[in-house]
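Please read the points below beside the model. They cover a pocket, some ring contacts and one backbone angle.

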Amino acid sequence: MDSKSKITKSALKVFLIKGYDATSMNDVAKESQVSKGGIYHHFKNKEELFVEAIDYLFNKFEELEKKIYTEFKDVKKILQAYYGSLSNMSQILASMTGSENIDIDNFYMLMTFAFIKFPQIREKHGELYLKNQNMLVQAFRQAQELGKIKDNIDCETLAFMINALAEGTMIYHIMASGLDLKTKGEKIYKNLWKIISTENS
């Protein structure tokens with residue numbers, strides 16, 4: 001791993017654990033074992049480093065989404081994996097950062113902050129959201145052609161609903177203590193499948 005990538009990954013870990021405001025360049029230097037001078041060689045300030053760290057995070061999420069659509073050709077399994085990933089977010093972030101100390105609530109609060117303070121991050125998230133939605137639409141249309149889901153369903157609206165429901169569930173998780181994401185994600189997937197599937201028609 002080159003020096004810039006090492007700094008970026010380390011910075012993401014620190015931002016996720018401590019939050020943006022509480023993170024200093026000294027923290028990143030300590031975590032990455034790269035001098036502050038070395039960090040400033042690649043990034044002019046904390047803001048630029050933060051944007052790069054979130055961009056790295058989004059790229060990893062995009063890789064994960066592509067993997068889901070590649071590995072699971074069947075739309076039912078795609079939905080199951082998609083909602084199953086809600087409860088696996090802590091493990092996903094741990095894998096990305098190499099830390100088991102990532103609090104999922106901190107992640108969502110950090111992302112909310114990022115969307116408000118940095119328009120370029122919000123724009124990038126919007127681009128990834130559209131890519132994911134288009135992959136869902138394609139999967140649903142193929143499932144309709146195969147007779148697996150009802151042919152009177154608007155695939156674009158369905159894809160939007162599924163994304164909105166997933167993100168809304170994660171936001172609700174921050175506000176409602178004790179919400180079991182694994183159980184809730186499985187129930188959401190099963191209920192959605194009952195609604196759109198032709199299995200019980």
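**Notes on the predicted model**

1. The largest pocket holds about 660 Å³ of space. A pocket here is an open set of points on a 1 Å grid over the protein atoms alone, where a 1.4 Å probe fits, with protein on both sides within 12 Å along at least five of seven lines. Grid points are joined across faces, edges and corners, and the volume is the space filled by probe spheres set on the points.

2. The largest pocket is lined by 26 residues, and those closest to its centre are F61, M89, Y108, H125 and E167. Lining residues have an atom within 4 Å of a point. The elements giving two or more residues to this lining are α4 (46–71), α5 (75–87), α7 (104–117), α8 (119–145) and α9 (155–175). Helices are DSSP runs (H or I, at least four residues), numbered from the N terminus.

3. By type, the lining of the largest pocket has 18 nonpolar, five polar and three charged residues. Asp, Glu, Lys and Arg count as charged; Ala, Val, Leu, Ile, Met, Phe, Trp, Tyr, Cys and Pro count as nonpolar; the others, Gly among them, are polar.

4. This is a predicted model, in which local features need pLDDT of at least 70, side-chain atom pairs count only at pLDDT 80 or more, and totals for chains, interfaces and linings use all residues. Residues are numbered from 1 along each chain as its sequence is written, and side-chain values use heavy atoms, with hydrogens and water left out.

5. F15 and Y20 are stacked (planes under 30 degrees apart), at 5.8 Å centre to centre and 15 degrees between the planes. Y82 and Y83 are edge-to-face (over 60 degrees), at 5.6 Å centre to centre and 90 degrees between the planes.

6. Y20 is buried at 7%, Y82 at 12% and Y83 at 0%.

7. F15, Y20, F50, F113 and F118 form one aromatic cluster. K46 lies over the face of Y20, 4.3 Å from the ring centre, and K117 lies over the face of F118, at 5.8 Å. The rule asks for NZ of Lys or CZ of Arg within 6 Å of the ring centre and within 35 degrees of the ring normal.

8. Q33 is not a glycine, yet has a positive phi of about 60 degrees. Q33 sits in the loop between α2 (25–32) and α3 (36–42), and is exposed (over 50%), with a relative accessible area of 69%.

Key:
Rings of Phe, Tyr and Trp (its six-membered ring) pair if their centres lie within 6.5 Å; planes under 30 degrees apart count as stacked, over 60 as edge-to-face and the rest as tilted. Buried means under 20% relative accessible area, exposed over 50%, partly exposed in between (1.4 Å probe, protein chains only).
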